[in-house]
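This report describes selected features of the structure shown below. Please read the text alongside the sequence and the coordinates.

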Amino acid sequence: MKKLTIFFTVLIAAIFLGVIGIRVSAPEQDITKKVTKVGVVLNGTKDDHSWNQAHADAFDAIDDELNLEVFYRENVGYGDQAQETMEELIANGCSIIFAESVGFGNAVLAEEQKHPDVYFYHCSGTRYGDNYTAFFMRNYQSRYLAGIAAGYATQTGCIGYTAAYPYTEVIRGIDAFTLGVRYANPEATVCVKYTESWDDYDKAYAATKDLIQNEDCDVIIYHTDTLAPLVCANDLSVKSIGNNYDNRNRYPDSLLCCLEMNWAPYYEKEIRTCLEGRFYGKYDWLGLDEGVCGITPLTANEGANRGKAEAAINIRKKEMEDGTWDVFFGPVYSNTGDLQIESNEAASDYYLLNDLNWYVQGVAVDD
Amino acid sequence: MTDMPEKKEKKKKGGHLSGEATQQKLSLAMHWVFLFLILAMALTIVLLYFRMNDSLNRFAADQLARTAKSDACLVSEETVTELEDLQFVALQLEQYPERLQEIMDAVTATVPMLKMGCIGIDGTALYGDSLPDGDLSLVKGALHGDGSLVYRKGIGLVAAYPVLHNHNIRYVIYEIVKNDQLSSLLSNTADTGLGYSAISDKDGELVYMFEGIPEEGAEFLKSEEAAGYFQDLFRTMEVSSSACSYYRTKDLGEIFVYEAEIPQTDFVLTGYVEKRAAAGAINRIAFLVMWVFGLLAVIFVFSAIYLIRIQVKVARVNEIMMEKNRAEAESNSKSSFLASMSHEIRTPINAVLGIDEMILREFDDPKLTGYATNIKNAGNTLLNIVNDVLDYSKMESGKLSIVPVDYDLSELIIELVTMVRPRAVSKSLNFVVNVDETMPHVLHGDNVRVKQCALNILTNAIKYTERGQVVFTVSYKAGEDGLGAFTFQVQDTGIGIRPEDMEKLYKPFERLDEERNHGIEGTGLGLSITTRLLSLMGSKLEVSSVYGEGSTFSFTVKQYVLDEEPIGDVRKTYKKKIEEAPVYHQAFTAPDARILVVDDTDMNLFVVKGLLKETKISVDTAMSGEQGLAKLKVYDYDIILIDHKMPGMDGIEMLHRLRRESINPNQHKPCIALTANAMSGARDYYINEGFEDYLSKPIDSNALEKMMMDFLPPEKIHVEKQPELPDPELARAVAMLKERRGRYMAG
């Protein structure tokens, strides 16, 4: 009697539990519930007060909210090391990889093939596919505005430009800057000196010194990762314009303004998209109007023309924000005298990203 | 069953009462178990229903979500086609920049309802109108060199494509598809069977509704309720690009609401479909499952109930079996006790009476025969008392039984009268006998017991009557089915019975008026045995009495009537019978006959030898089965009398052995069983075992002689003329006595 009762009770309990327990699992609603591992590949250190730090700052701003665990890999060289680093990060469990330098392009291409379920973001790259996106800021817009500042600040009419490599991105920057300079000061020239390195301090310092002492440049702007040009300008008491990061407090006597970036909003949006499973590969070129890039306010070092400079900057800024004007709207002449962009025409993004390889009027490249 | 031994224990201690209590407790427990089972099943069914419904709805919703997703992709593609058309136009314009006007005119002519135009990089209209509000963000992508599709509320869908000149953008061609024109654009997606769809932006603003949405559907999609659902879904959509959920609404009933992102746009496809339309089969599945499960549940519950009841029954049956076994064992032990008692007691009495009989026959000395007669009377009295006690014993253990046989009523009456009259006469009482002359006398019933009852009340009447008379009446009433009701009544003028003493009548061992009745003999068992016998025969004792004046005892028994012939004058009928019946005589001699008697009690052997002395039959004896078999091997016998109960080899075994011995000359000789304890059906029993017949102990000499007559080879029997006894009455009395002893055939 007892045995039977127990048997039936157990049987019913089993049915009961089965009915309760077997449930259709609903998909996880909160994407930030789980920790997401993100790998960030940097070609420098994340406290370089420059390019890399700007990216690091952006991740710092969003990692709590999105429940991220960010793995930084610093001083990663291009080539095999980049690919190995990415492999290692993926093996570690990273589901999104940010490659924050143009030179990581090949590694990204190789890795994205091998790991179709990992999302890749290549900053300053241009190619995109099913699981990788290339993105960049329209720094040229910032440089244009910086050019205005430089144009109004220069006394000698010669502005020095320490640059890393002569390729589209850098050339684009030089051209945009020069157009800005010329907008402010139609007579000024921009002297360019290449260091053939992003972070070689000595080379950058030497090049800058050369520009100041030999070319008579009284405003320095640069396109390297290393801060050497700023240091040099500061040492030699000339004006400078910062790159990638707001370092005005570090060189208060020298800096007119700094180009700056704010990746946080973009990163947040993109990472969310990835977590929601809505990623699709694209090319994002984010401009002033999206708040990703711009220049800091002018310092006192701007001098007497500060007011004019600010006014001009604001006008152009607004036009760029409205979309009624952009830096590479025609007419634009190359420094060989060719009309490259006719009036009422604008250079397409594609062109600006991939094919722009000439210098505008006012650019003098020092070989 | 772990708790069964416990219950058995309780039963042993408390007997019937605790058994009942256990039963009650068991029953109560069972009811709780049933209730529990039923509740549990009901609860399970309810839960199953809800769970299943949820699961099925979820499944349907997931399917719909996928459909919605692919539909959203379709929408995306449809809109992207617009761009491709523009691209084609742009290429034309690129090739023939000077023919802008011409080309645009041609193009706009093909789609007059759509607003088309060209704008320069700064927003100035080169053909058609400039953008609404000069909002260049509408064509931003195109301005940067890529085709773009933008939807703006209030404006519609804006498709734009750049017209290049080398690597530069010269201007942008755009096309605006207004809200109401979208339906033709999206016509393909409207009929996907996905219910009713609309397009909203990511903030939940309804942008466009597809055609064919019924009134209440449109209302619903615009309602707060729907907005709530879409919010819900959008949260789900954080993890996927489409979502669908089941909702129960008050206006539209059971519906599935879905959302799917339209890829490469900032819009989502939203909508709902009625459950009926989308997943009607779910209800059928649900119903089917519930039906089956319900049936199973019912079967389950009934099986459970059935099984439990069986268990209980089995337990009960086991209990009963145990009790039965115990009772049977008890009964059996009582039976064997009674049987052995019977045997033990009667054997010596048999010896006394038998030897006493021999004395009476062989000696003439009056003094000696006088003593012997006294011994005989005393012995018979003792036998009666012993029989009464044994009867009572049997009665108490329920072993008293009725053995119906064919008999003659006239014999019964005359025997009674013969036994009773002398006693009445000796007390100077008038003894009157009234017999209904018309009643039938050839009957079937237990004459022994009827006679016993009648004798009891007769002797009581005489015992308790000092003066006056005792009237014995036998009357008859015809009945049905061959039965007749015979009433035996005894009326006396005796001391009577006080009303308050009536009950005591039936109580065994109790004598009424002990002082007054002090000298009266008897065990006091008679009436209680009589009442018991009467109740066994379906009758009861009727008593009426007036203290000091007399009493009337009577009873009525139903006996089967075998012959309607009336009894007539009893005496005459009887006389006729007697004259035909054998009185004591040595009817024959058989000097050449030889018999063997096997009995472990040498007293019994002695008795048989004595009884057969006059017949001159040679009587050999053996004291055991083995001895008997040994003798049988050597000598030739005509009849073998074998005692049933002997230690070691009993009579039956000996018989079987004999029958198996093919070289034995006596292998097939007639064997008669001797038993002190014959039960009903004894004859059949012994015949079955291989005997020819049986004789009951104490051995009746008539019966013994009859047996000899029946089984001796006829040539060895020499019949002699029978001498008449001087007193026929005496002869009859003697014969009665013999018969009386013979009644103990029935045990």
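Predicted model: local features only at pLDDT ≥ 70, side-chain atom pairs only at ≥ 80, totals over all residues.

Residues are numbered from 1 along each chain as its sequence is written, while chains are lettered from A and ligands numbered from 1 in the order in which they are written.

Thr347(B) belongs to helix α9 (residues 275-362) of chain B. Helices (H or I, at least four residues) and strands (E, at least two) are DSSP runs, numbered from the N terminus. Apart from neighbours within four places in sequence, Thr347(B) touches Thr601(B) and Asn604(B), where contact means heavy atoms within 4.5 Å.

Chain B as a whole contains 20 helices and 24 strands. Of its 747 residues, 46% are buried. Among contacts in chain B with a separation of 6 or more, 66% join residues 24 or more positions apart.

| Helix pair | Axis angle | Axis distance |
|---|---|---|
| α7(A) (residues 201-215) and α8(A) (residues 228-235) | about 40° | 8 Å |
| α15(B) (residues 602-612) and α19(B) (residues 701-711) | roughly 70° | within 10 Å |

Axes are lines fitted to C-alpha atoms, for helices over the stretch in contact, and angles run from 0 to 180 degrees between N-to-C directions.

Because of their angle, α15(B) and α19(B) are roughly perpendicular to each other (65 to 115 degrees; under 35 is roughly parallel, over 145 roughly antiparallel, and the rest oblique). Val608(B), Leu611(B) and Leu612(B) of α15(B) meet Ser701(B), Leu704(B), Glu705(B) and Met708(B) of α19(B). This contact comprises five nonpolar residues, one polar and one charged (nonpolar: Ala, Val, Leu, Ile, Met, Phe, Trp, Tyr, Cys and Pro; charged: Asp, Glu, Lys and Arg; polar: the others, Gly among them).

In chain A, α7(A) and α8(A) are oblique to each other. Residues in their contact include Tyr201(A) and Ile212(A) of α7(A) and Pro229(A) and Asp235(A) of α8(A). By class, the contact has nine nonpolar, one polar and two charged residues.

Key:
Heavy atoms only, no water. Buried < 20%, exposed > 50% of the residue type's maximum accessible area, 1.4 Å probe, protein only.
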